[in-house]
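Student: I'd like to go through this one with you. Can we put it up and start?

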Amino acid sequence: MYRRNIAAAVITLMICFSAAGAAAVAESAAIKAPVELVDVESIMYIGQNYPLTVETLLSYKVVTSNKTILGLGRDASTGEYYAIPRKAGTAKLAAKVTVNGKVYKSSIVTVRVKKLKVTSIELPATLSMEPGEKYTLDATITPTAVANKTLTWSSNKASVAKVSAAGVITAVSEGTATITATSGNVSAKCKVTVASTQDEPAKRAFLFGMSQSDALYSDFAFDALPSIYAEVLSVNGLFEREGMYSSYYLNYSKSALLTMMDNWDDGISSNDTTYIYYSGHGAEINGTLYLIAGTDGAITAKKLRTVLDAIPGKIVLFLNCCNSGSAIGKSLSPDTFARRFISEFSQGYSKTSEFVSSKYNVICSSKSAEYGFIVDGVDLFADALCKGLGWDLTSASSTGDWLCDANGDGSVTLTELRKYLRSEVNASLRSAELDLSGYTQTVVSYPTTSNTVIFSK
């Protein structure tokens, strides 16, 4: 019994001692390391955030010795801290916990904050542009976390390609320039080639006319012009020989012709030239100018101008029609049909307007109180046009010589063409075996004189 009690006492004492020791050990461990910052970067760069790992089972806080140099942030969802480098310098970090009112801190970690520098810049090696085009260069900067990504841009030839402070290149003129992006001692270059990629100027031709008999408009009957059919076909062949895409419209109704005209601008660019050739009657009725171009009516000069205004590029307009007063048995005022027609085109524009002088070149077959003559089935104006360009109107075939090329340079200007046509038409009129004494047919043009090339070999 005695021995048994002694043993119980010893056991009780040992159990009490062990509990006290465990508490002491636990307290000692808590004092030594209740919280620790681990794996903290000793060098941090401005522009990046650095997550902070804290080892503890308790609620903790992280503190910094200098918020100006090294700030702190905390994830709202996880509660974890991260360091925010702000300014070059040195700061210290520590984590702390509070146990029973007593604050315990982790080991202090010293962090150096540095400014991250650009180590490389990448640009496209080459770039092709057209004059007037703009392009923003996309520079790739390494490291990506650099806080200051501002680059200095420059061009070695701003007359070819200039660049803005934001890296926007503007192509100025044809040539080659080098664009450079710089940050500190690091730079990259892009070779810019500026060249026009526009298609070669194209030439298209649209021909229209009326050859059927008894075309009627506004109670006036107009004689049939059967030769116009062959004339338009032959002139169409001439234009095709000159490399033009050519289409003709004969004896259409007014509505059908206007529908076709509304499509004349399809596929034409601003550097193309469109040739328009009309052959038929022309008339002035109650002060309005008409082309008797449809089986059921006429087209006004204003409507034709509306159609031509919609066509990009330049226009060369041939009007092969007689004086409107001759067509209806009345005389005109001293103004010519041709010049009256031209005034419709220039209406609303000043005499010096670039639009008028650069877009339109107009050649008319006659002026006031004059017929447009057809002799032995041959239209004198169309015959002279074809002959001057080495083309036979009757056989619709090439003859070779360009008689209207006065200086022999292989190009025919508007002035050269007008002078040749006027001379040739009058010579043909005088030689005709008809009693045409007192009649004239004077070819006129707008502008009156111009070095604009109308045809070239």
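Student: Where is the place of Y248?

Tutor: Y248 is in strand 23 (residues 245–250); strands are DSSP runs of E with at least two residues, helices runs of H or I with at least four, both numbered from the N terminus. This is a predicted model, where local features need pLDDT of at least 70, side-chain atom pairs count only at pLDDT 80 or more, and totals for chains, interfaces and linings use all residues. Residues are numbered from 1 along each chain as its sequence is written, and side-chain values use heavy atoms, with hydrogens and water left out.

Student: Is Y248 buried, exposed or partly exposed?

Tutor: Partly exposed, with a relative accessible area of 36%. Buried means under 20%, exposed over 50%, and partly exposed in between, using a 1.4 Å probe and protein chains only.

Student: How far is F208 from Y248, in sequence and in space?

Tutor: They are 40 residues apart in sequence and 5.5 Å apart in space, C-alpha to C-alpha. F208 sits in strand 20 (residues 203–209) and counts as buried, at 1% relative accessibility.

Student: Which aromatic cluster is F208 in?

Tutor: One formed by F206, F208, Y249, Y252, W264 and Y278.

Student: And how many aromatic pairs does the structure hold?

Tutor: It holds 12. Rings of Phe, Tyr and Trp (its six-membered ring) pair if their centres lie within 6.5 Å; planes under 30 degrees apart are stacked, over 60 edge-to-face, and the rest tilted. One of the pairs is F239 with F318, tilted, at 6.3 Å centre to centre and 35 degrees between the planes.

Student: Which parts does that pair tie together?

Tutor: F239 lies in helix 2 (residues 227–241) and F318 in strand 28 (residues 314–320), so the pair links parts that are 79 residues apart in sequence. Both F239 and F318 are buried.

Student: What kind of pair do Y249 and Y252 form?

Tutor: An edge-to-face pair, 5.6 Å centre to centre with 85 degrees between the planes. Y249 is buried at 8% relative accessibility, while Y252 is partly exposed at 29%.

Student: Back to helix 2. How many residues does helix 2 have, and how far does it reach?

Tutor: Helix 2 has 15 residues and reaches 21 Å from its first C-alpha to its last, close to the 21 Å expected at 1.5 Å a residue. The expected span is 1.5 Å times one less than the number of residues.

Student: What follows helix 2?

Tutor: G243, whose phi is positive, near 85 degrees.
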